[in-house]
Structures are given as C-alpha cells and as structure tokens.
Amino acid sequence: MPDHALRNKVAVIGVGNTDFGRLPGQSPYDLGLWALKNALADAGLAKSDLDGVIVNRIPDYQRFCEIAGINPRFALVTPGQGRMSGNTIQLAAAAIAAGLCKTIALVYGNNGRSVGAKYGGEGDTYGSGGAGIWFPYGMTSPGAAHAMMMQRHMAQYGTTARQLAEVAVTSRSHAALTPWAVMRDRITIDEHLHSRYICEPLHLFDYCLINDGGVAIVLTAADRAQDGPRPPVYIRGFSSATRLADSTFPDPDYWYQPMAAVAQDVYEMAGVGHNDLDGLMIYDNFSPTVLFSLEGFGFCPRGESGRFVEGGRLALGGQFPSNTCGGHMSESYMQGWALNVEAVRQLRGQCGERQIESAKLIQYMCAAPLVSSIIYGSER
Amino acid sequence: MMSYTKPLPVLDGDNAAHWAGARERELRVQRCGHCARLRFPASRYCSDCLSEDSEWVTLSGRGEIWSHCRFHRVYFKGFENEMPYTVVLVRLDEGPMLYSNMVGVNDEDIRIGMRVRAAFDDVSDAVTLIKFTPE
C-alpha cells in the first residue's frame, strides 16, 4: 500500500473541462488541449510551468506535447480505459512525491461519440481481449457482463429493479443541477422501470453516455500549492488493487476482495472513516457498479446495497451525496475524470445549486477488475 | 437450408480442439499437464503454475447456470430475427465457465442455479455450438 507519509503531500491546483456532447471536428488531442487550457487558467499557471504530463485516451504523449509545445521532464500515456483514471492520478501523486517532477498535468480527451465508439459487437475485447470466442452465442459488451453480475446479485441477495433504479434516478436529479450535463431531464423510478432494456436486467438509463469531451487536472506538491488563485485540494489517501486473474468472466464476488483491500488502505492513509465523508464520487459505467462499490468499500454489509440506496441516501441532502455532477449516466462518460474534477469543485465550494454543504472530504472509488480509490480533502 | 448469418467461431485457432470436440458431441477444455488445472478459453500457459504443457480433455458437460442476461439491443445482425435473446453463463461441475445459450426451455423459466447439460447444435456442416438444456 502507498506510504502513509504521502498523505496530503500532493494537491490539485487546477481543473478544467470542455463542453460535453457531440463535438464534431475535435480529435482527442483537440479536446485534451481545450481542457488543459482551462485547467491551466484555473491554476493560474502557464504551460511552461508544467514539468510532467500524463495523457489518457489521447493516443500519443509525444504528439500531444508537440501540439502543446511543451518539454516536460516526465511524460507518459496510460491506457484509455475508465478504470485507469484513478490509477493515473495516483501515479501522478507518487511521481510528484518521489521528485520525478513538480507540477504535472493529467490530460484526457475522448471523441467517442463523433467516431461512433462501440462497446459491443465485432471488435469488442472486454474481458481481457477474449470476447470474440463468445460472439457465436451472442455474448458481447461490458454492459452485458454487468447485467450478468446484477442478475446474480438480485438472485443472491434479493436486490430489486426498483432499488437499482434509485441509482440512475438520483444521478439524473443531480445532472438537472449541472449546467453542462448531457442529460438534464429528471426521471422517476417508474419511468426508469418502464424504459427499454438494453441488456436485461439493465435498462437504457443504467448505461453510461458515450460522448465527446476532455478533462484536465493539474497537481503539484502540497508545499507549492498555496500560491495559486484557488484553494488547493489535497490528496489525503489513495490505493489500488486488482482482480485480473480469470477476468475473462465476471468476478463472482463483485470485486469485493480488491475493494476491501483498497478500502482498508485508503481510509487508514487518509485517517478518516466512512462517516467523515461529505460526498462520494462512484465510478458508474453501469448502475450496478455503484451498488457493488458501496458494499466493497464497506458503506453497507455485503448484499445490502439495494436497501442502502433506497430513500435518497445518495442524493443531495442525503447521508452520502454521490456523483453530484450527474456522473457517467447523466453528465457524460468521461471515464472517471469528470468525477474527480467534481470532487475538487465540491471541496472548493464551487458547485452552486448542487453544492454539498461545507464539504471537506470526498472519496472517489472505482469498482472494476482494476479497483482504485482516492480521498480528497480541503484541509491538510 | 437458410444461410446461417450469426457470428461463427474461429475453427483453426487456439481453441480448435474445443470446436473439433463439439463436432463429436464432446465438451473439451484444456488441462494443465503439470498441475491439472482446467482452463477455457485456451491459453498457452497455466495461470496457476505457468507450465506450457497441456492437453485437451472431455468434461461431463454438466453444470449450473451462474447467471443470465437478455439482449434487447442488436449487436450482431445475425441475431436480429430472434430479439430479444438470452445468454447464460454456465459454471461446469469441473470448474470452468462458458457463455452459451439455452435450448429446450423458455427464457422466462431460466433460473440461476438451474442444473444444465450440454446440448450440441450443428449450425452448419462444419460448426457445432455447445448450448445447454435443463438436466
């Protein structure tokens, strides 16, 4: 696990994003540069102040840095999977703490909507690239893998369709307060239950929204973070763990074991417990992931997540306001990046109508074959 | 016979022995020559002991439904005429898992934990798929 001495050693000093939606003519490089300009302005920095860059979903770090006209000391690209956003942030924090660089920009650009990115059918490689062998039986797509897991969760624990619907309905109620969210019309649980299925038991509203957009985050050493125009947001704790062996098939434990390991690390490192948290940013490629995360990170006992989310517990004003920007199912599928930006904006008090009152601690978490979590704090 | 338009397996790839077995009404998976761990789809290495020694063995074809889902969206044109269709994930008694389809049962009656056995479906002169039916 990461050294606890890294608590509060690194801070987010700038965040930025593009519009989200259909943005024809914008490559991942264009979207990343657009977001980076906004993040640099937010941080009060010039591009020459950056000595580290990690790009994600943008194909090539060299081309990106050439376009941006920068020569960072540390440059890297991480794979364009949503689960990598949390890990990329952790890698950046570790690189800064280790002195590989001082100020690093994480730049994400995704033109998936304009180019018609598909996550099912020919070309699907979900499940460590082995998906093609199942095409003769019609099996394809990460959505279907999550549908399989949800179906089993329902049979195993009695989780209901109505409980699952709470997740997407709550996200949409938050997106209604997020000016740039792609889907802002509120939905009811009944509307959710009557919407068309994509892969039963998952409905249309349980799926993330593939869109075009970019996100950038600028981090620096906490000791250098005080001079910017915005209050720094500190990385209090972070950790990751995986379940990659046998990952051709859904994990029978809903990724419980790697999440439990990460939970133990991240709360210890941050020195906080569940009830200290003011809000949660839960990776929500599909709504079941939110339920699995709440169990894996110990917010409720195993199998109880359906009952846990009833009655608006994840809504603004509830016990654990979650995905206050609308998340992947309503704001835009920015693969974890925009959720981390929302955590920062909440801790800065910049969220207007959707602001969590006096938010001081927010946890990001991602349940997947590669699990990660980060706890952000507004105070050291 | 109407032409078969669904995706077809790669018969001469790493899993050739599996598909050849299906033609002979057998469910074959790979077994590690060193530690005897069973695995499917095929892999060059045993993920337990990393041995490259392996052989293909025939299993009982019996197992139970681990989960299932029902596709309402067309991802493959060949399935267009049977929407919605159900895919099951079967855990074989010997351990390995397989995605497949059920025959001889209505979709509505498919249940997690249901006992199933392999049912071989000759979809063309060269290809047999391994589906399942209630035991």
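**Note on the predicted model of chains A and B**

1. Helix α3(A) is largely enclosed by the rest of the structure, because eleven of its 14 residues are buried. Here a residue is buried if 20 or more other C-beta atoms, placed from the backbone, lie within 10 Å of its own, exposed if 12 or fewer, and partly exposed in between. Helices (H or I, at least four residues) and strands (E, at least two) are DSSP runs, numbered from the N terminus. The buried residues of α3(A) include A:M84, A:I89, A:A92, A:A93 and A:I96, and also A:S85, A:N87, A:T88 and A:Q90.

2. This is a predicted model, in which local features need pLDDT of at least 70, side-chain atom pairs count only at pLDDT 80 or more, and totals for chains, interfaces and linings use all residues. Residues are numbered from 1 along each chain as its sequence is written, while chains are lettered from A and ligands numbered from 1 in the order in which they are written.

3. Helix α3 of chain A covers residues 84-97 and reaches 20 Å from its first C-alpha to its last, close to the 20 Å expected at 1.5 Å a residue; the expected span is 1.5 Å times one less than the number of residues. Just after α3(A), A:G99 takes a positive phi of about 85°.

4. The axes of α5 (residues 161-175) and α8 (residues 287-296) of chain A come within 9 Å and cross at roughly 105°. That makes α5(A) roughly perpendicular to α8(A), a term for angles of 65 to 115 degrees. Axes are lines fitted to C-alpha atoms over the stretch in contact, and angles run from 0 to 180 degrees between N-to-C directions. A:L164, A:V167 and A:A168 of α5(A) meet A:S287, A:P288, A:V290 and A:L291 of α8(A); contact requires C-beta atoms, placed from the backbone, within 7 Å. By class, this contact has six nonpolar, one polar and no charged residues. Ala, Val, Leu, Ile, Met, Phe, Trp, Tyr, Cys and Pro count as nonpolar, Asp, Glu, Lys and Arg as charged, and the others, Gly among them, as polar.

5. The contact between the chains takes 26 residues from chain A and 27 residues from chain B. On the side of chain A that touches chain B, α4 (142-157) and β5 (197-200) each supply at least two residues, and α4(A) gives the largest share, six residues. That side divides into 15 nonpolar, eight polar and three charged residues.

6. Chain B has one helix and eight strands, in the order α-β-β-β-β-β-β-β-β along the sequence. Buried residues make up 33% of its 135 residues. The C-alpha trace of chain B spans about 45 × 35 × 25 Å along its principal axes.

Definitions and conventions. Angles under 35 degrees count as roughly parallel, over 145 as roughly antiparallel, 65 to 115 as roughly perpendicular and the rest as oblique. Two residues are in contact if their C-beta atoms, placed from the backbone, lie within 7 Å.
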